[in-house]
Amino acid sequence: MDTNTGRVVIRRSNSGLTVGAHLFGILSLILLLFWLLHYCGGLELDSDIPERIFNVHPFMMFFGLIFISGEGMMAYKTIAADKPVQKFIHMLLLLIAICMGIVGINAVLKYHKKENIEDFHSLHSWVGIATFSLFLLQWLVGFVLFMFPKGSPGTRARALPWHVSGGRALLYMAISAALTGLMERATLLQDKYHGNQARTINFTGLSILLFGIFVDLSLVFARYV
């Protein structure tokens, strides 16, 4: 296999991985919404029903820190535009993810206050708040180094591998937080965690994990295209 043929094969594989990432991301979103709306009573930040307030949390955290974040990571491949435009969209999507994360964290804190539950006591909450804090730091450092005021070419070249690797690590941290959150919620459901609801939660978790794997593989293959 010559070099050009190899590049064509890798390009096709990469395109398939990207499509797979989009599909698993959309599937995860559909399953999560189905679970929250059908089994959990819906979601509303200003509701008088505590459970509906809580349900804003998993939706915002997944949609922001996992789905939008993953799409932002793939923006350099999925958006047909000049690199400065791709970079701007990448940073904008991640900023939207941060804003959604703030709303999601606010929702769970509001729920805890209504239910007199201690904040940040579980493994899920520790992983989640660490992920969000590092995500915010990653965005701020990336903005300063790559957008404005920009570091020197040498500094950007040295920082880029750390920035890319950090983004990939944060995606898996966010997924870990989501999966531990799903299991924590399933444990609290107790007798209700069976049958179709249990399968919905399990398939949601698997879809989220596969979304992260396909995003990561897509980024790895993109280096060889």
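Helices (H or I, at least four residues) and strands (E, at least two) are DSSP runs, numbered from the N terminus. This is a predicted model, where local features need pLDDT of at least 70, side-chain atom pairs count only at pLDDT 80 or more, and totals for chains, interfaces and linings use all residues. Residues are numbered from 1 along each chain as its sequence is written, and side-chain values use heavy atoms, with hydrogens and water left out.

**Exercise 1.** Work out what pattern the protein chain follows along the sequence.

*Solution.* Start by counting: the protein chain has 7 helices and 0 strands. Now read along the sequence, and you get α-α-α-α-α-α-α.

**Exercise 2.** Is Asn116 buried or exposed?

*Solution.* First, locate Asn116: it's in the loop between α4 (83-115) and α5. Its phi is near 55°, again positive in a residue other than glycine. Then apply the cut-offs: buried means under 20% relative accessible area, exposed over 50%, and partly exposed in between (1.4 Å probe, protein chains only). Asn116 has 72% relative accessibility, so it counts as exposed. Lys150, at 44%, counts as partly exposed. Across the protein chain, buried residues make up 42% of the 225 residues.
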